[in-house]
Amino acid sequence: MGEVPVPAPLVWEPTAGVPRDYAQVSGDRSAVHLDEAVASRVGLPGVILHGMYVYGYLATYLGRHAVDHGGRLVSLECRFQAPMLPGVPIEVRFERGDDQESVRVEARQWDSSVLSGVAVLTPAESHAAS
């Protein structure tokens, strides 16, 4: 049985408009995602990205990678460790986990870890019967 290879590192920079756009489609209009003054008053360094936007972006990247290699994304578990800001690159690295199917995920912004997690990517033969 084969395995889905570990994805290449990912670097992306969500634009300043992402929180506004994501708020419109998600319905999450929390002020910390939309208003600099409110974000500052609660101790944040600025408007922050929606966690589900970041999670969805990573899940899409991993899912496409798995399909491109004849597999699928089975699960993605993430722990948000710090707020992420738009307009600042997010660097994501992946490495093989403790088994053939798991991939450790770490996202960094400003050279600090902001997200960690584990994805499970299975090869085609693992799910041919499902």
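Is Arg-96 buried, partly exposed or exposed? Arg-96 is partly exposed, with a relative accessible area of 22%. The cut-off for buried is under 20%, so Arg-96 does not count as buried. The views below come from a predicted model.

**View 1**
Along the sequence, the pattern is β-α-α-α-β-β-β-β-α. The C-alpha atoms fill a box of roughly 55 × 30 × 20 Å along the principal axes. The chain has 130 residues, and 38% of them are buried. Take the contacts with a separation of 6 or more: residues 24 or more positions apart account for 64% of these. The accessible surface comes to about 7100 Å². Carbon and sulfur atoms hold 52% of that surface.

**View 2. The largest nonpolar core has 22 residues.**
Five members touch the most other members: Trp-12, Val-54, Leu-58, Val-92 and Val-105. At least two core residues come from each of strand E1 (10–12), helix H3 (51–68), strand E3 (90–96), strand E4 (102–109) and strand E5 (112–123). H3 gives the largest share, five residues. A second, separate core has seven residues. Val-38, Ala-39, Leu-44 and Leu-85 are among them.

**View 3. A close-up of Trp-12 and the residues it touches.**
Residues up to four places away in sequence are not counted here. Trp-12 touches Tyr-53, Val-54, Tyr-57 and Leu-58, among others. Its other partners include Val-88, Pro-89, Ile-90 and Val-92. Two of these partners, Val-54 and Leu-58, are listed with Trp-12 among the core members that touch the most others.

**View 4. Helix H3 packs its buried residues against strands and a helix.**
How far apart are the end C-alpha atoms of H3? They are 26 Å apart. At 1.5 Å a residue, the 18 residues of H3 should span 26 Å, so the two values agree. The buried residues of H3 are Tyr-53, Val-54, Leu-58, Leu-62, Gly-63, His-65 and Ala-66. An α-helix has 3.6 residues a turn, so residues three or four places apart point the same way. The buried residues of H3 pack against E1, helix H1 (18–26), E2, E3, E4 and E5. After H3 comes Gly-70. Its phi is positive, near 75°.

**View 5. Gln-109 is a buried residue of strand E4.**
Gln-109 has 1% relative accessibility, so it counts as buried. A polar atom of the Gln-109 side chain lies 2.9 Å from the backbone oxygen of Leu-85. Leu-85 itself is part of the second core. Neighbours within four places in sequence are left aside in the next list. Gln-109 is in contact with Pro-83, Met-84, Leu-85, Val-88, Pro-89, Ile-90 and Val-114. Val-88, Pro-89 and Ile-90 also touch Trp-12.

**View 6. A salt bridge joins Glu-3 and Arg-96.**
The closest N and O atoms of the pair are 3.2 Å apart. Glu-3 lies in the segment before E1, and Arg-96 lies in strand E3. The two residues are 93 residues apart, and the pair links distant parts of the chain. Glu-3 is partly exposed, with a relative accessible area of 38%. Arg-96 is partly exposed too, at 22%. Side chains of opposite charge can pair when their charged atoms come close.

**View 7. Further salt bridges include Arg-104 with Glu-95 and Arg-20 with Asp-21.**
How many salt bridges does a search of the whole structure find? The search finds six. The side chains of Arg-104 and Glu-95 meet at 2.9 Å, N to O. Arg-104 is partly exposed at 34% relative accessibility. Glu-95 is partly exposed, with a relative accessible area of 43%. Glu-95, Asp-98 and Arg-104 are linked in a network of salt bridges. Elsewhere, the side chains of Arg-20 and Asp-21 meet at 3.2 Å, N to O. Arg-20 is partly exposed, with a relative accessible area of 47%. Asp-21 counts as partly exposed, at 37%.

**View 8. Arg-72 sits in strand E2.**
Strand E2 covers residues 71–80. Arg-72 is partly exposed, with a relative accessible area of 36%. The C-alpha atoms of Arg-72 and Val-4 are separated by 8.5 Å. Along the chain, these two are 68 residues apart.

Methods. Residues numbered from 1 in each chain as written. Predicted model: local features only at pLDDT ≥ 70, side-chain atom pairs only at ≥ 80, totals over all residues. Heavy atoms only, no water. Core = buried A, V, L, I, M, F, W, Y, C linked by side-chain atoms within 4.5 Å. Buried < 20%, exposed > 50% of the residue type's maximum accessible area, 1.4 Å probe, protein only. Helix = DSSP H or I, 4+ residues; strand = E, 2+ residues; numbered from the N terminus. Contact = heavy atoms within 4.5 Å. Polar contact = N/O pair within 3.5 Å; in protein donor to acceptor, adjacent residues only side chain to side chain. Expected span 1.5 Å × (residues − 1). Salt bridge = Lys/Arg side-chain N within 4 Å of Asp/Glu carboxyl O. Areas by Shrake-Rupley, 256 points an atom, 1.4 Å probe, with all protein chains shown as cover.
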